[in-house]
Amino acid sequence: MPRKQADLIIENASELATPEGGQKPLVGKQMLALRIIKDAAVAIRNGRIAAVNKTATIRSVFKASETIDAKGQTIVPGFVDPHTHLVFAGSREDEFTMRIKGAGYMEIHRKGGGILKTVAETRRASEAELIRGCKKTLDIMLEHGTTTLEAKSGYGLTVEDEIKCLRVLKLLHETHPVKIVATFLGAHAIPAEYEKCPSDYVKLVVEEMIPKVARSKLAEFCDVFCERGVFNIEQSRHILYAGKKYGLKPKIHADELTAFGGAELAAEVGAVSAEHLLYASDKGLKTIADCGVIAVLLPAASFALMIDRFTDARKMIEMGVPVALGTDFNPSCWVENQQMVIALACRQMKMTPAEALVASTINAARTLGKASEIGSLEPDKKADMLILDVPNHNFLGYRFGTNLVNRVIKDGKIVVDLE
Ligand SMILES: [Zn+2]
């Protein structure tokens with residue numbers, strides 16, 4: 001029988017490790033059930049996966065114009081980062097020193113630092129400046145294996161500046177190999193000019209920003225920083241329902257700094273995901289497990305804030321909460337590297353490399369509504385994958401502080417080649 005033509009075959013990999021897609025986020029023991037193929041190959045055609053199997057089998061069915069010999073290496077799906085604050089100007093290395101000396105998040109916030117400092121700088125920046133900064137970040141993320149990510153606005157906090165940041169994301173999505181799913185996070189902080197009348201700002205978010213963002217189709221999701229001293233439960237509920245009315249699916253920054261009832265609210269409004277959850281109550285976790293809300297865990301945020309507490313991932317997995325892992329890339333948590341997040345998840349949250357891989361691929365893709373297209377290596381899915389220069393996936397998290405990526409394939413094209 002004549003062999004079928006593929007565009008690219010990756011062969012001789014010592015291991016291919018992938019979650020299996022299915023219809024629902026993976027929970028509990030499913031997070032350990034990777035499909036592992038030794039001496040593996042992948043055939044790619046028209047930007048999609050044609051087949052995944054043993055090298056000998058792929059070779060007997062396919063021929064290709066281009067082949068990659070992945071001897072001694074591991075193929076995994078491209079990472080999906082489900083939580084970033086990609087668009088901002090400036091930096092906050094001065095606060096890093098304050099933090100080392102013991103200043104807390106809210107103390108820095110009250111001194112006019114933190115988010116509000118970045119807001120001022122982002123408002124002053126032109127669209128071109130923001131694009132330049134983000135492009136640099138995306139290049140580094142891609143080199144470390146992230147092929148799709150979620151990015152939030154939230155450093156503009158005026159109608160014009162939020163739209164400006166979302167336009168930057170749209171342009172980058174259209175021009176950069178890394179694909180971006182945009183989230184409107186106008187409710188990231190109360191801007192300084194509304195300090196005395198926060199309810200007026202909530203009104204602005206609900207009555208002007210959300211309709212405008214939805215009409216211009218600049219975001220798929222609406223998020224809110226639901227926290228003591230930021231947006232309370234009632235305001236958060238109001239904002240998320242307003243977003244829903246305009247077709248923006250709800251997400252929520254929940255229980256990051258205090259036990260605030262954010263997890264419960266996520267379940268109530270039908271959020272796709274609840275993010276951070278450092279202080280979520282058992283009742284809140286039970287509620288999101290029952291409703292299938294995905295917990296997006298961000299261990300790099302704890303690491304960056306220099307707090308000893310990490311989210312209790314083991315408890316969540318045992319309770320049946322679906323878990324995803326993200327960077328929380330932002331000026332106070334400046335990490336582009338999902339492999340670093342995996343290392344922290346393994347060491348500080350006792351997730352296994354297999355669980356961390358599931359949480360960084362298929363479950364993360366599910367939070368973006370993209371699990372039928374990306375997040376696992378299965379026929380007909382987009383050919384987004386990494387060739388890691390290690391013999392098996394258990395090296396993820398085990399080796400840390402260096403980049404294990406050798407090549408990145410996005411939509412069937414080699415976009416990073418460090419060979
Ligand atoms: Zn965040």
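**Aromatic cluster, zinc site and nonpolar cores**

Phe88, Tyr155, Phe329 and Trp334 form one aromatic cluster, where rings of Phe, Tyr and Trp (its six-membered ring) pair if their centres lie within 6.5 Å. The model is predicted, so local features need pLDDT of at least 70 and side-chain atom pairs count only at pLDDT 80 or more, while totals for chains, interfaces and linings use all residues. Residues are numbered from 1 along each chain as its sequence is written, and side-chain values use heavy atoms, with hydrogens and water left out.

By the ring rule, the count comes to 7 aromatic pairs. Phe88 belongs to the loop between β6 (79–84) and α2 (93–100), and Trp334 to the loop between β13 (323–325) and α13 (338–349), so the pair ties together parts that are 246 residues apart in sequence. Here helices (H or I, at least four residues) and strands (E, at least two) are DSSP runs, numbered from the N terminus. Trp334 also pairs with Phe329, with ring centres 5.9 Å apart and planes at 80 degrees, again edge-to-face.

Buried means under 20% relative accessible area, exposed over 50%, and partly exposed in between (1.4 Å probe, protein chains only).

Turning to the metal, the zinc ion has His83 (NE2), His85 (NE2), His253 (NE2) and Asp328 (OD) as its protein donors, at 2.1 to 2.6 Å. Donors are N, O and S atoms within 2.8 Å of the metal (3.2 Å for Na, K and Ca); water is not among the atoms, so sites may look incomplete. The donor residues follow the spacing H-x1-H-x167-H-x74-D in sequence. Both His83 and His85 are buried.

The largest nonpolar core holds 121 residues, of which Ile239, Ile252 and Met351 touch the most other members. Such a core is a set of buried Ala, Val, Leu, Ile, Met, Phe, Trp, Tyr and Cys residues joined through side-chain atoms within 4.5 Å. Helix α7 (residues 198–215) gives the most to this core, with 9 residues.

Note on methods. Rings of Phe, Tyr and Trp (its six-membered ring) pair if their centres lie within 6.5 Å; planes under 30 degrees apart count as stacked, over 60 as edge-to-face and the rest as tilted.
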